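Trainee: Before I look at the model, could you take me through it one feature at a time, giving the general idea and then the case at hand?

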Amino acid sequence: MPDDEELLAALGEALRARREVPEWFVETGKNAYAWHNIDAELAQLTYDSLADREPAAAVRSEAASIRALTFTSARLSIELEVGEGVLLGQIIPPRAGTVETHTTAGVTTAPVDEIGCFVVDPIPASPFRLRCRTEDGADVLTGWITL
């Protein structure tokens with residue numbers, strides 16, 4: 001087992017190695033990553049039923065148990081319902097394609113049927129974003145979602 005001096009020496013060596021990487025190289029890498037999904041159109045969160053519940057709580061004694069979210073872009077909308085452990089979605093206007101669920105752990109893909117419906121099962125435990133690609137060429141990416 002290494003002692004404290006060996007660990008400090010290894011840490012110092014790692015920090016020196018980091019400083020030896022040219023700044024232009026680091027910036028080039030960051031810029032290349034920033035462009036990796038530039039073709040995807042960004043969809044904005046336009047509706048969240050959780051935000052609608054708070055004022056209504058004073059009026060109603062019982063709130064709806066399903067949370068609904070809507071993301072909107074110029075080409076399509078993505079409507080989501082949060083169920084028990086699953087996320088049910090629909091692309092509006094309806095069209096077939098695929099939906100990718102991006103998390104820090106990786107990407108999973110699910111089919112979107114001809115009426116625009118899809119399922120994300122299970123709901124990711126960490127923040128995630130959805131990328132919808134339709135057969136007619138739409139490519140839409142949501143912001144990060146935390147449920």
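Mentor: What follows moves from the overall fold to the sheet, the salt bridges, the cysteines and a surface patch. This is a predicted model, in which local features need pLDDT of at least 70 and side-chain atom pairs count only at pLDDT 80 or more, while totals for chains, interfaces and linings use all residues. Residues are numbered from 1 along each chain as its sequence is written, and side-chain values use heavy atoms, with hydrogens and water left out.

Trainee: How many helices and strands are there in the protein, and what pattern does the protein follow along the sequence?

Mentor: Helices (H or I, at least four residues) and strands (E, at least two) are DSSP runs, numbered from the N terminus. Here there are three helices and nine strands, and along the sequence they follow the pattern α-α-β-α-β-β-β-β-β-β-β-β.

Trainee: In what order do the strands form the sheet?

Mentor: Two strands are taken to pair if DSSP finds at least two bridges between them. In this model nine strands form an open sheet with mixed pairing, in the order 6-5-8-9-1-2-3-4-7. Strand 6 (106-112) and strand 7 (117-120) stand at the edges with a single partner strand each, so one side of each has no neighbour in the sheet. The twist averages 25 degrees from one strand to the next, where axes are lines fitted to C-alpha atoms, for helices over the stretch in contact, and angles run from 0 to 180 degrees between N-to-C directions. Within the sheet, strand 8 and strand 9 (residues 139-142) run antiparallel and are joined by three bridges, and R131 has L141 in strand 9 as its bridge partner.

Trainee: How many salt bridges does the count come to, and which residues are linked in a network?

Mentor: Side chains of opposite charge can pair when their charged atoms come close. The rule asks for a side-chain nitrogen of Lys or Arg within 4 Å of a carboxyl oxygen of Asp or Glu, and by this rule the count comes to five. E100, R131, R133 and D139 are linked in a network of salt bridges. Because E100 lies in strand 5 (residues 97-103) and R133 in strand 8 (residues 129-134), their pair ties together parts that are 33 residues apart in sequence.

Trainee: Which of these residues are buried and which are partly exposed?

Mentor: Buried means under 20% relative accessible area, exposed over 50%, and partly exposed in between (1.4 Å probe, protein chains only). E100 is buried at 14%, D139 is likewise buried at 14%, R131 is buried too, and R133 is partly exposed at 33%. Across the protein, buried residues make up 33% of the 147 residues.

Trainee: How many disulfides does the structure hold?

Mentor: A disulfide is a pair of cysteine sulfur atoms within 2.5 Å, and the structure holds zero.

Trainee: Which residues make the nonpolar surface patch?

Mentor: Patches are made of residues with over 30% relative accessible area and no salt bridge, like charges being joined within 9 Å and nonpolar side chains (Val, Leu, Ile, Met, Phe, Trp, Tyr) within 5 Å; the areas come from the Shrake-Rupley method with a 1.4 Å probe, and for residues only the protein chains shown count as cover. Here L8, L11 and L15 make a nonpolar patch of about 300 Å². L8 is found in helix 1 (residues 4-20) and, at 56% relative accessibility, counts as exposed.
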